[in-house]
Amino acid sequence: MHPRIEDYALIGDEQTAALVGMDGSVDWLCLPRFDSAACFARLLGDEENGHWRIAPKGADRCTRRGYRPDTLVLDTEWETDEGAVRVTDLMPQRDGAPDLVRVVEGLRGTVTVRSTLRIRFDHGSVMPWVRRSDGHRVAIAGPDSVWLRSEPAVHTWGEDFGTHSEFTVEAGEKVAFVLTWHPSHEPRPPLIEPYETLQASVADWRAWAARCRYDGPHRDAVVRSLITLKALTYAPTGGIVAAPTTSLPEELGGVRNWDYRYCWLRDSTLTLGALLSCGYQEEAGAWRDWLLRAVAGDPADLQIMYGLAGERRLPESELPWLAGFGGSKPVRIGNEAVDQLQLDVYGEVMDSLSLARRSGLPAKPHMWSLQCALLEFLREVWRQPDEGLWEVRGGRQQFVHSKVMVWVAADRAVRTLEENPELRGDLDGWRAMRDEVHREVCEKGYDPERNTFTQYYGSRELDASLLLIPRVGFLPPDDPRVVGTIDAVRAELDHGGFVRRYSAEETPVDGLPGGEGTFLVCSFWLADTLHMTGRTKEARDLFERLLGLANDVGLLSEEYDPVAGVQLGNFPQAFSHIGLVNTALTLYGDEEAG
C-alpha cells in the first residue's frame, strides 16, 4: 500500500529537506538545494526511483515516532518480538556539504536491523556508479557524488542495484550512518562526528524555539509550525519555499500537481507578521531583505514567485518516468505560473514593506523609491484583468481580491507618507487612486441581492480570498457587506466543515479538470473573520478542528479531503502553517505585528 501524504515527517538543514515515512524510509530528498533534482524520489514513483530505508529486519510501519521537543530531530521506534530499536534522523545545519545523519540505537533485547539504500540522481532517473573508498561507499553520476559511511563499520554489500547493510544492536548500542553529498569534481568534504552533531542539533533547535514569544493555548502547535517555517527557509538568502516537494496531488489520480519548491510573494505579509509577532526579528529581516532583492528592477517585471535566491526563470517541464504519488500524473518541475500577471502581489509587497517599517526593522537604502516605482506602475495597469491569487489557467478576470490588494498598495503608500512626512510621494494622487479602486470594487465586485462580494466582477461565484477583506482593512469587520460575505463563503464553499478556495465543479475558473480538497489556509482565514465579527467561540472551535487535521508529528499539507480523511497537496505547506500561527495570534495572542 502506498503511503499517505500524512505518513511523512520532515527533517532539514535550512537549505534542503527530506521526508521520512513511518516505515523508516527516506522517500524524498533534493540535493544540494530545495529546488535541486531529487536523489530519493520514491515519493513520486517507487523504490527504483531512490530511497533509503532503515528498520528492523522484516518490520513494516513503526510503533511510534515523534520529534524531540522543540527540535527538527526525529525519533522513530519499533517494538518487535526480539526487542526494541530507535532510529534518529536529522540533517545538521551545514558548514559546507549537506549531511543526512541516521543513528540506530538498541533500546531492549537484540534486534537485527536492515539498511537499504538506492541512490537515483536526477529525480530518480540516473543510477550512479558505486565503489568503495577508504571503507566508505561512493556513488557518482555526472555532477553528483554521495558518500555513505557508518560508525562503527557494519557488514555492507551491493545487491539489486542497491547498497545493503545488516547488523544487530543490543540495548544501549548505537550505529550511526552518514550520507554526504558534494559536487563530483570536488574532493570529499570533511567528515562530521555524528553523535556530537546530534547533540548540537538538539541544542541549536531548542535555543531557537525558546525565542518564541507566543505563550497562549496550543503553544506546541505554534512552535511546531514556526520550526517548520524555519526548516523551509533557505538560509543563505532568507527566502522561504512554499513547500519542499513537487507534484503531491490536490486530487488523488488527478492532474493538479505543481512544483512548490520556490518562494511566493503572496505569502509575504502573513509570513512577516507571524515572524515578527512571535519574536523572530532576524528571520523577518532576512525575509524582507530577500523580498527587496527579488523584486528589484523594472516594476513591469514583478513576478508572483522567484527561486531561492531570487531567480526569475523557472521553466516548467514534466518527468514521464515517475508514476506520480498514488498514480497522480504528470509530475512537474518548474512552474509556468511564474509568467502570470497577478496584481495582488503589488499589494503584498507594499503591505510587507509597510509592516516592516512600522515594526521597526531597519530601513534599507532605496526601499521607498522602489515602493514609489511599484505604485506608479500599478497606477497605470490596475484596471487590467489578471490571473489572480490562485494562479488560474483558465483566462484572466477582474478578480475582486486582486483589486482589493491594489487598494492595499495605495493605502499603505498613503499611510507611509502620512506617518513619515520626510518622505516624498504623490500623496494626493495616491489618495485619489485608493478612493477610485475602493468605489469600483464596492460597485462592481459586490452582489447586493445576495449581500456578498464575488470572485470577480459580474460573477456569482465566491472565493475564499474575500475573507481577507476585513483583515487588510478594506472594510471594517462589522460592515454588513463583510458579514454577508463571510456567511456566504461559509455556506457555499463549505465542504465537510472546512473551506474550499472556490468552486471547482462544472466550469471552474481555473480551467483545469477534476476537483481538489479544502484549502487549509482558507479555513484559518474563516476562523480569523469569525473572531473579528464577534463569533469567537465558533472561531476557536474551527481552529481546534483544524489542529486535529495535522499528522502525528504536527505537520499540515496544502489541502484536506474531508470525505477520504486524508491530506492533499504539497507537504508540509508553509501557507498552512503560517495560517495556523496567525490564527493562534488572532484568537489568543496579546499582541500582533502592525
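A residue is called buried at under 20% relative accessible area, exposed at over 50%, and partly exposed in between, using a 1.4 Å probe and protein chains only. Helices (H or I, at least four residues) and strands (E, at least two) are DSSP runs, numbered from the N terminus. The model is predicted: local features need pLDDT of at least 70 and side-chain atom pairs count only at pLDDT 80 or more, while totals for chains, interfaces and linings use all residues. Residues are numbered from 1 along each chain as its sequence is written, and side-chain values use heavy atoms, with hydrogens and water left out.

Helix H4 (residues 268–277) has 10 of its 10 residues buried, so it is largely enclosed by the rest of the structure. The buried residues of H4 include Ser-268, Leu-272, Gly-273 and Ser-277. With contact taken as heavy atoms within 4.5 Å, the buried residues of H4 pack against strands S17 (239–240) and S18 (263–264), and against helices H5 (281–295), H6 (344–358), H11 (520–532) and H13 (574–588). Gly-279, which follows H4, has a positive phi near 95 degrees.

## Helices H2 and H3

Two packed helices are described by the angle between their axes and the distance between the axes. Axes are lines fitted to C-alpha atoms, for helices over the stretch in contact, and angles run from 0 to 180 degrees between N-to-C directions. The axes of H2 (residues 194–209) and H3 (residues 219–231) come within 11 Å and cross at roughly 115 degrees.

H2 passes H3 in a right-handed crossing; a crossing is left-handed if the near helix is turned anticlockwise from the far one by less than a right angle, and right-handed if clockwise. On the H2 side, Trp-205, Trp-208 and Ala-209 make the contacts. Their partners in H3 are Arg-219, Val-223, Leu-226, Ile-227, Lys-230 and Ala-231.

## Aromatic rings

Rings of Phe, Tyr and Trp (its six-membered ring) pair if their centres lie within 6.5 Å; planes under 30 degrees apart count as stacked, over 60 as edge-to-face and the rest as tilted. By this rule there are 18 aromatic pairs. One of them is the tilted pair of Phe-167 and Phe-177, at 5.8 Å centre to centre with 45 degrees between the planes. Phe-167 lies in strand S14 (residues 162–170) and Phe-177 in strand S15 (residues 174–183), so the pair ties together parts that are 10 residues apart in sequence. Phe-167 is buried at 7% relative accessibility, and Phe-177 is buried at 1%.

Ring pairs also join Trp-390, Phe-519, Trp-525 and Phe-575 into a cluster. A charge sits over a ring if NZ of Lys or CZ of Arg is within 6 Å of the ring centre and within 35 degrees of the ring normal. Arg-102 lies over the face of Trp-52, 5.2 Å from the ring centre, and Arg-188 lies over the face of Trp-147, also at 5.2 Å.

## Cysteines

The structure holds zero disulfides, a disulfide being a pair of cysteine sulfur atoms within 2.5 Å. Cys-372 is buried at 15% relative accessibility, and Cys-522 is buried at 0%.

Thr-180, in strand S15, is buried with a relative accessible area of 8%. Leaving aside residues up to four places away in sequence, Thr-180 touches Ala-97, Pro-98, Asp-99, Ser-145, Val-146, Trp-147 and Pro-189. Val-138 is 42 residues from Thr-180 in sequence and 9.6 Å from it in space, C-alpha to C-alpha.

Gly-327 lies in the loop between strands S20 (317–318) and S21 (332–333) and is partly exposed at 45% relative accessibility. Met-367 is 40 residues from Gly-327 along the chain, and their C-alpha atoms are separated by 47 Å.
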